[in-house]
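Please open the structure in a viewer and keep the selection panel at hand.

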Amino acid sequence: MTGLSLSLLGPGLPTPRLADGVDLLGEFQGGGSIEPRFLIRRSDGAMLIFSTIVYRLAEELDGRADAAELAERISLRTGGSIDVAGVCYLLKHKLEPLGVVAGGGQQAGSGHSVLKLAGRTAFFTARAVRPAASLLRHLFHTPVVVCLLTAAVAVHLWLLHGGSSLAPSRDLLERPENLLVIVLVAFLGALFHEFGHAAASLYGGATPGVIGLGLYLVWPAFYTDITESYRLDRPGRIRTDLGGVYFNLLVTLPLAGMYGLTANKVWLWAILIQHLVILQQFMPFLRLDGYYLFSDLTGVPDLFGHIGPVFRSLLPGRTAADKVAKLRRGVRAAVVLWVVSTVCVLACLAGWLLLSLPRIVKGAGNLVTALWISAVHHAALGRGLASLAKVIQATLVSIQLLGLAIMLVAALRLAYRSGCKAVERLGGNKLRAG
Amino acid sequence: MDKNTDGGVNYEELMSETAEELPQRHLLATVTILGFPIVGVSDVAVNADTSGPGWLIST
């Protein structure tokens, strides 16, 4: 057996124990695999998933049993047969690299980087999020949910049938105070959305982490770290996924109230923005709420990690990749459908972006220039609010141009690395053939 | 745990046992309206008077 830690096999066998701060959380509820999966939380908060035999081994690491005794215990518990070398193999190759065993190494992140949030900056620590989430979690009690959703439906019916019209009005949005209201509500709504996830997570029993700001593709994005919600059952995870859009809907209630009081249609625009956020969030192709919702409905925690295995399985003459074969039949079909549709949609988006790039860069560049000129013009005339509004617009468009540049550089680096790997592989094949 | 024909443990099976770190769950909220100018500056300019918030392209 290659790669086995032979030092573990000799006399004076070490008695491995769990690393400090490691929590064994039990079975992953509502998983899409044929066999059960089990969760372990590492001291740094990372969540790890294991098949039965590896988890049972982790459970037995009490610092007293050596590999021989562990082999005996595991065989007894799983009803199978594993020897000392097998135990050592699992310790060395499955548990140690993930930092589960005391004294073992810990590999750097697992490389799940597809369409990930970049430049994360936390500005609410987990300690700061907790009291707010604790207060807001009461909004998830069933009677409260029913009352608030009924109120939201009633308010929207009033807006739709009460003669309110959302006819576009350029004049309305050109007023700097209205513009500032729109931007402020968009940002506060997004932040409140995140507290919705945090509160839902805490309501289910999983402690939320930090809330912060990052860059997702080209957009600034708030985020909540709810990694611990993996430990929730499926309804709990789905509640956590939906907590954000539920809070967006709640935001529309005071906005409708402001419209009722002032009859200023800027509040209707603010409501419309919440609707756009909700619609966008249900898109399952990016790492938005719809993605996590689909992930939790199918019980597959890492859908993006299945893209490669699914395509390899679809190649003629290839058997299903291990990762795909281990899924239940219905789940497998759903994941294949998601993979194919996601790759198609993202490829179309990437193609459109590449084709439109010159126009987008030129248009956005001109826009930023014009906005800055306008800001200076307003400032010179002593119109502070109008100048501020233009500065905010220019900044927001600039951030997105920066995001676009970062995304393109990342895509080029990825293409370069993939190209290098392909060349290396080709070279290796030729050498072997020679 | 299955055994090979020689009575040893089936290591292929051990190799395929699941042990991985799950991706962090960072639930996002992008500020959608900010995306309007970047995804179609000229298109929004054309349609602004009929279907879009004009401030995004106003100077």
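Begin with helices α1(A) and α3(A), which are roughly perpendicular to each other (a label for angles of 65 to 115 degrees; under 35 degrees is roughly parallel, over 145 roughly antiparallel, and the rest oblique). Select residues 52-60 of chain A for α1 and residues 84-95 of chain A for α3: the two pack at an angle of about 95°, with their axes 11 Å apart. Axes are lines fitted to C-alpha atoms, for helices over the stretch in contact, and angles run from 0 to 180 degrees between N-to-C directions. Helices (H or I, at least four residues) and strands (E, at least two) are DSSP runs, numbered from the N terminus.

Next, display the side chains at this contact: Val54(A), Leu57(A) and Ala58(A) come from α1(A), while Val87(A), Leu90(A), Lys94(A) and Leu95(A) come from α3(A). Contact here requires C-beta atoms, placed from the backbone, within 7 Å. By class, 6 of these residues are nonpolar, none is polar and 1 is charged. Nonpolar covers Ala, Val, Leu, Ile, Met, Phe, Trp, Tyr, Cys and Pro; charged covers Asp, Glu, Lys and Arg; the others, Gly among them, are polar.

A note on the model: it is predicted, local features need pLDDT of at least 70, side-chain atom pairs count only at pLDDT 80 or more, and totals for chains, interfaces and linings use all residues. Residues are numbered from 1 along each chain as its sequence is written, and chains are lettered from A and ligands numbered from 1 in the order in which they are written.

Now select the open sheet of 4 strands, ordered β4(A)-β5(A)-β6(A)-β2(B) with antiparallel pairing. Strands pair if DSSP finds at least two bridges between them. β4 of chain A and β2 (26-30) of chain B stand at the edges, each with a single partner strand, so one side of each has no neighbour in the sheet. The twist averages 30° from one strand to the next.

Within the sheet, 4 bridges join β4 (residues 118-124) to β5 (residues 211-216), both of chain A. Select Ala118(A) with its bridge partner Leu215(A), then Phe124(A), which stands opposite Ile211(A).

Moving on, 6 bridges join β5(A) to β6 (residues 219-225) of chain A. Leu213(A) stands opposite Phe222(A). In the hairpin of these strands, β5(A) and β6(A), 2 residues lie between the strands, and Leu217(A) takes a positive phi near 55°.

Finally, select chain B, with its 3 helices and 2 strands, running α-β-β-α-α from the N terminus.

Conventions. Contact = placed C-beta atoms within 7 Å.
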